[in-house]
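Please look over the following chain before reading the notes. They cover a sheet and a disulfide.

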Amino acid sequence: QVQLVESGGGLVQPGGSLRLSCAASGSFFSINAMRWFRQAPGKERELVARITSVGTINYTDSVKGRFTISRDSAKNTVSLQMNSLKPEDTAVYYCNANVVLISRAIAEYWGQGTQVTVSS
């Protein structure tokens, strides 16, 4: 069984920073792409940032220049450094990963989500 566990959410003032982390645990062969999604109240879940196993990175336009995604493949973790936060960044943030299982099948996993609230 594979689990993704996020940490690091919270309440921050506009202009502030937060760092989200996600750790994968369980039995698997490797992890391909790792992503951060977010879902604000009344809105659809959106992809925020993605990092592949070889380090290719993509961001949604609204966070470019403010957010930085990184991963430690040895520790099976992915992080999202969020700077210059805005109220519109308020959402539940989810970690997502494409995991290569012991059988070499690929499965998609989600974390439980962590709340980020940007408010004065």
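The notes below take the sheet and then the disulfide.

This is a predicted model, in which local features need pLDDT of at least 70 and side-chain atom pairs count only at pLDDT 80 or more, while totals for chains, interfaces and linings use all residues. Residues are numbered from 1 along each chain as its sequence is written, and side-chain values use heavy atoms, without hydrogens and water.

- An open sheet is built from four strands in the order 1-3-8-7, with antiparallel pairing.
- Strand 1 (3-7) and strand 7 (67-72) are the edges; each has a single partner strand, so one side of each is left without a neighbour in the sheet.
- On average, neighbouring strands of this sheet are turned by 15 degrees against each other, direction ignored; axes are lines fitted to C-alpha atoms, and angles run from 0 to 180 degrees between N-to-C directions.
- Six bridges link strand 7 to strand 8 (residues 77-82) in the antiparallel sense, and leucine 80 in strand 8 is the bridge partner of isoleucine 69.
- Strands are DSSP runs of E with at least two residues, numbered from the N terminus, and two strands pair if DSSP finds at least two bridges between them.

**Disulfide**

- One disulfide is counted, the term meaning a pair of cysteine sulfur atoms within 2.5 Å.
- Cysteine 22 is joined to cysteine 95, with an S to S distance of 2.1 Å.
- The link of cysteine 22 and cysteine 95 is left-handed, at -80 degrees about the S-S bond.
- Cysteine 22 belongs to strand 3 (residues 18-25) and cysteine 95 to strand 9 (residues 91-100), so the pair ties together parts 73 residues apart in sequence.
- Cysteine 22 is buried at a relative accessible area of 0%, and cysteine 95 is also buried at 0%; buried means under 20% relative accessible area (1.4 Å probe, protein chains only).

Terms used: Buried < 20%, exposed > 50% of the residue type's maximum accessible area, 1.4 Å probe, protein only.
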